[in-house]
Amino acid sequence: MLKQFFIKNGHIVDPSQGINSTGEIFIENGKIKSVKVSKSQSVKDSDTKKVIDAEGLYVFPGFVDMHTHLREPGFQHKETIRTGTLAAIKGGFTSVCPMPNTNPVNDNEAVTEFILRKNYSEGSCYIFPIGAVTKGQRGEELAEMWMMKKAGCVAFSDDGMPVMNSLIMRRALGYSKIFDVPIISHCEDINLSDKGVMNEGKLSTLLGLKGVPCASEDIMVARDIMLSELTGGRLHIAHVSTKGSVRLIRDAKERGIRVTAETCPHYFSITEAAVKDYNTNAKVNPPLRRDEDIEAIKEALKDGTIDVIATDHAPHHTDEKMLEFDRAPSGISGLETALGLSLRLVEEGILTIEGLIGKISLNPSKILGLEKGTLKAGADADITIVDMKKEHKVEAERFESMGKNTPFEGWVLKGRTVMTICKGNIFEIS
Amino acid sequence: MGADFVVIRHASAGVPYCLSKILKASVINAGDGANEHPTQALLDMFTIKSSKGGIEGLTVAIIGDIAHSRVARSNIYGLIKLGAKVRLIGPPTLIPSGIKEFGVEVFNSIEDGIHDADVIITLRLQLERQGKGFLPSVNEYFHLYTLTSRRLKLAKDDVIVMHPGPLNRGVEITSKVADSSHSVILEQVTNGIAVRMAVLYLLTGARENA
Ligand SMILES: [Zn+2]
């Protein structure tokens with residue numbers, strides 16, 4: 001660990017301070033000591049201080065992924081805390097929030113502590129666990145949220161096992177007000193989904209696969225907004241995939257309800273057409289939708305209806321994905337493609353670069369109450385340096401993640417992390 | 001193993017397709033999930049052609065559980081390609097999403113749907129569909145969708161009636177209709193052997209000429 005160093009000549013973008021210009025950052029003992037944007041008054045560095053020259057590169061606050069599956073404990077054949085956090089670093093993420101659907105479920109402080117201890121010894125980035133809303137994610141009894149919060153959980157979710165019982169959801173949203181953390185809802189009416197495996201429509205009929213209608217998501221978004229309104233609890237909608245959800249969230253925000261929302265790169269990059277060849281790497285829950293949903297999601301990212309881009313990184317073993325489409329597990333390994341896919345939004349003019357960095361760094365930090373997503377003096381030196389012009393081909397075999405399940409194999413993406421600084425370590429990414 | 005053919009019937013859609021991408025052998029889809037059953041459609045179309053002299057311009061009504069039927073899917077593709085007008089008849093709970101975009105007409109009333117039809121294909125109703133919310137009861141289905149002699153009179157006089165088998169007599173079709181002069185169900189069974197032999201024969205030939 002270097003005690004003191006500079007990052008010079010880079011183009012700094014930090015929405016928390018309204019910075020979008022060339023400048024330099026001084027780091028001391030793993031913390032940001034100062035940020036100077038004026039080019040002229042370059043600090044005279046003595047020879048003892050190392051300089052990272054970021055000429056021609058962009059310098060961002062480290063990315064924060066508020067929706068990650070690290071699979072440990074219980075599913076280390078899919079991913080471990082060690083490999084998952086390495087994948088995060090490679091993707092430019094310095095903080096990730098693992099969902100509780102491990103085995104055992106992260107529904108009590110002992111599991112939370114295990115995850116944090118494991119990350120302390122083996123992890124490369126920061127971890128902020130998300131605890132289960134209900135014991136065993138069974139949707140029946142509230143889990144010990146306060147104890148988990150004390151142990152380090154920053155939000156609660158029964159991701160993947162949506163809380164179907166409205167009364168339990170009401171109580172979860174109400175109870176969470178004690179410590180003002182969000183309840184993150186994977187919005188899916190599982191009765192209506194009825195074990196569907198892709199978006200419902202002409203294509204599902206053509207492929208003979210069972211469909212999931214958009215209404216399956218929309219209904220639960222509507223319900224949870226109403227319950228948030230009823231209780232005053234903070235609601236965060238996970239992985240928005242439909243036009244209908246966007247409309248409901250936009251309306252709720254206009255009415256002042258405490259709701260925030262995220263989407264994932266795959267929901268604004270590809271449609272259901274990606275499953276055409278029964279490609280299980282494009283099987284994800286909620287399913288990939290239609291062009292009109294992509295358009296609505298982009299609009300929502302632009303107007304702020306959707307606050308966050310999260311990865312929903314869901315690694316699976318290759319053997320598990322090499323199954324019949326209807327039997328293969330859902331999920332995309334997303335940490336290492338998120339930046340490249342998201343930068344396409346900047347290229348298309350949907351987001352400004354500050355807007356994008358807000359959505360993958362500052363906004364998730366704010367929602368979760370983390371002191372992250374900023375380059376302000378005093379903050380941890382979590383920094384991501386990106387070569388915005390560097391083109392690279394997505395090759396799952398080269399992922400740090402054990403999950404090689406990506407529908408973006410072979411895509412050429414522009415913009416890549418070249419250095420990630422986290423926990424006082426400097427990771428150079430080749 | 002050096003097999004020349006793999007004939008596969010599988011509960012999951014897409015399995016024959018995916019296998020065909022990795023096997024050297026010819027893959028014959030003998031039915032995959034709710035996706036396709038191509039040889040059944042071939043034998044159905046062969047049977048129609050034998051009885052009617054052609055397929056173009058005919059009105060073909062398919063009645064029943066379209067949503068879960070691979071037979072219906074393959075017949076829809078084949079019949080439309082050969083110029084028939086295809087009507088689907090069933091309760092909305094058993095009509096798959098987006099099916100109209102395939103170029104078919106959809107009817108919830110059997111009377112409207114079989115009006116002036118040249119060909120009627122009845123599908124086997126999986127009895128376990130009741131209780132899953134698709135249907136209140138078989139009894140109610142009988143009242144609404146069973147092909148009875150009285151309903152058959154609404155179709156053309158020379159209508160032929162088909163069924164991929166096995167039949168639930170008194171559920172999707174009455175015995176009287178199944179055993180009537182309009183029925184070509186037994187011809188379908190016979191033609192099934194010939195068509196499947198032809199498929200194997202053609203694939204062997206294609207292999208030798210390649
Ligand atoms: Zn989820």
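In the predicted model, 18 residues of chain B are in contact with 13 residues of chain A. The area buried between chain B and chain A amounts to about 1200 Å², of which 54% lies on carbon and sulfur atoms. On the chain B side, Ala13(B), Tyr17(B) and Ser97(B) supply 35% of the area buried against chain A, more than any other three residues.

Within chain A, the domain assignment gives domain 1, comprising 4-59 + 379-428, and domain 2, comprising 63-368. The centres of these two domains of chain A, taken over C-alpha atoms, are separated by 26 Å. Contact between them involves 33 residues of domain 1 of chain A and 48 residues of domain 2 of chain A. Together, domain 1 and domain 2 of chain A bury about 3300 Å² between them, with 65% of this area on carbon and sulfur atoms. In domain 1 of chain A, the residues that lose the most area to domain 2 of chain A are Met402(A), Asn405(A) and Lys423(A), which together account for 21% of what that side buries.

Helix packing was examined in both chains. Two packed helices are described by the angle between their axes and the distance between the axes. In chain A, helix H12 (residues 338-347) packs with helix H13 (residues 353-368) at an angle of about 145°, the axes lying 9 Å apart. H12(A) and H13(A) form a right-handed crossing. In this contact, Leu339(A), Ser342(A), Leu343(A) and Val346(A) of H12(A) meet Ile353(A), Leu356(A) and Ile360(A) of H13(A). By class, the residues of the H12(A)–H13(A) contact divide into 6 nonpolar and 1 polar, with no charged residues.

In chain B, helix H2 (residues 38-52) and helix H3 (residues 70-81) pack at an angle of about 55°, and their axes are 8 Å apart. H2(B) is therefore oblique to H3(B). The crossing in which H2(B) passes H3(B) is right-handed. From H2(B), the residues Pro38(B), Gln40(B), Ala41(B), Asp44(B), Met45(B) and Ile48(B) take part in the contact, meeting Val71(B), Ser74(B), Asn75(B), Gly78(B) and Leu79(B) of H3(B). The contact of H2(B) with H3(B) has 6 nonpolar, 4 polar and 1 charged residues.

Terms used. Residues are numbered from 1 along each chain as its sequence is written. Chains are lettered from A and ligands numbered from 1 in the order in which they are written. This is a predicted model: local features need pLDDT of at least 70, side-chain atom pairs count only at pLDDT 80 or more; totals for chains, interfaces and linings use all residues. Side-chain values use heavy atoms; hydrogens and water are left out. Axes are lines fitted to C-alpha atoms, for helices over the stretch in contact, and angles run from 0 to 180 degrees between N-to-C directions. Helices (H or I, at least four residues) and strands (E, at least two) are DSSP runs, numbered from the N terminus. Angles under 35 degrees count as roughly parallel, over 145 as roughly antiparallel, 65 to 115 as roughly perpendicular and the rest as oblique. A crossing is left-handed if the near helix is turned anticlockwise from the far one by less than a right angle, and right-handed if clockwise. Contact means heavy atoms within 4.5 Å. Ala, Val, Leu, Ile, Met, Phe, Trp, Tyr, Cys and Pro count as nonpolar, Asp, Glu, Lys and Arg as charged, and the others, Gly among them, as polar. Domain bounds come from an automatic or database domain assignment. Buried area is the accessible area (1.4 Å probe) that two parts lose on being put together, summed over both.
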